[in-house]
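Let's learn to read a structure together, one feature at a time. Have a look at it first, and then we'll talk.

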Amino acid sequence: MGCAGSSQSKADGTVKKIRKPKPWKHPQPITKSQLMQLRDEFWDTAPHYGGRKEIWDALRAAAEADLSLAQAIVDSAGVIVQSADLTICYDERGAKYELPKYVLSEPTNLIREG
């Protein structure tokens, strides 16, 4: 018998549905372009944290998609969702993938440009 956290399904057989992260605040107000730069830097360096590049690519696609498409992406990639907001996921080999909130949603103190 495997450990409880190693299965994508809950005890009743349902897959954990993903959802948007709860509202959050960046330490200092940032603009949309600064947020996009943070995201690009994270995704450029993410594969260096370990895990498989194709899983990182699937997580990026899921993070940038709407919820129903994101669900299909993680399901088809075999991603095991630990946190429903995608902040902690695993692949089938047990490698851990941690996503910061800023790649998943905008902060409440985002500065609207223009």
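Q: How much space lies in the largest cavity?

A: Keep in mind that this is a predicted model. In it, the largest cavity has about 80 Å³ of space. The structure holds one cavity of 30 Å³ or more.

Q: Which residues that line the largest cavity are the closest to its centre?

A: There are 13 lining residues, and those closest to the centre are R19, K20, A62, L67 and L86. If you look at elements instead, α2 and α3 are the ones giving two or more residues to this lining.

Q: And how do the residues of that lining divide by class?

A: You'll find nine nonpolar and four charged residues around the largest cavity, with no polar ones.

Q: Let's move on to helices. What describes two packed helices?

A: You describe a packed pair by two things: the angle between the axes and the distance between them. Take α2, residues 53–63, and α3, residues 67–77: their axes cross at roughly 165° and come within 8 Å.

Q: Are α2 and α3 roughly parallel or antiparallel to each other?

A: Angles over 145 degrees count as roughly antiparallel, so α2 and α3 are roughly antiparallel to each other. As for handedness, the crossing of α2 past α3 is left-handed.

Q: Which residues meet where α2 packs on α3?

A: From α2 come I55, A58, L59, A61 and A62, and they meet A70, I73, V74 and A77 of α3. By class, that contact has nine nonpolar residues and no polar or charged ones.

Q: At what angle do α1 and α2 pack?

A: Helix α1 covers residues 32–45, and its angle with α2 is about 160°, with the axes 10 Å apart. That makes α1 and α2 roughly antiparallel to each other. Here α1 passes α2 in a right-handed crossing.

Q: Which residues make the contact of α1 with α2?

A: On the α1 side, look for D40, F42 and W43; on the α2 side, for W56, L59, R60 and A63. This contact has five nonpolar and two charged residues, and no polar ones.

How values were computed: Residues numbered from 1 in each chain as written. Predicted model: local features only at pLDDT ≥ 70, side-chain atom pairs only at ≥ 80, totals over all residues. Heavy atoms only, no water. Axes fitted to C-alpha atoms, helices over the stretch in contact; angles between N-to-C directions. Helix = DSSP H or I, 4+ residues; strand = E, 2+ residues; numbered from the N terminus. Parallel < 35°, antiparallel > 145°, perpendicular 65-115°, else oblique. Left-handed = near helix turned anticlockwise from the far one by under 90°. Contact = heavy atoms within 4.5 Å. Nonpolar A, V, L, I, M, F, W, Y, C, P; charged D, E, K, R; others polar. 1 Å grid on protein atoms, 1.4 Å probe; cavity = no way out; pocket = protein on both sides within 12 Å on 5 of 7 lines; lining within 4 Å. Points joined across faces, edges and corners; volume = space filled by probe spheres on them.
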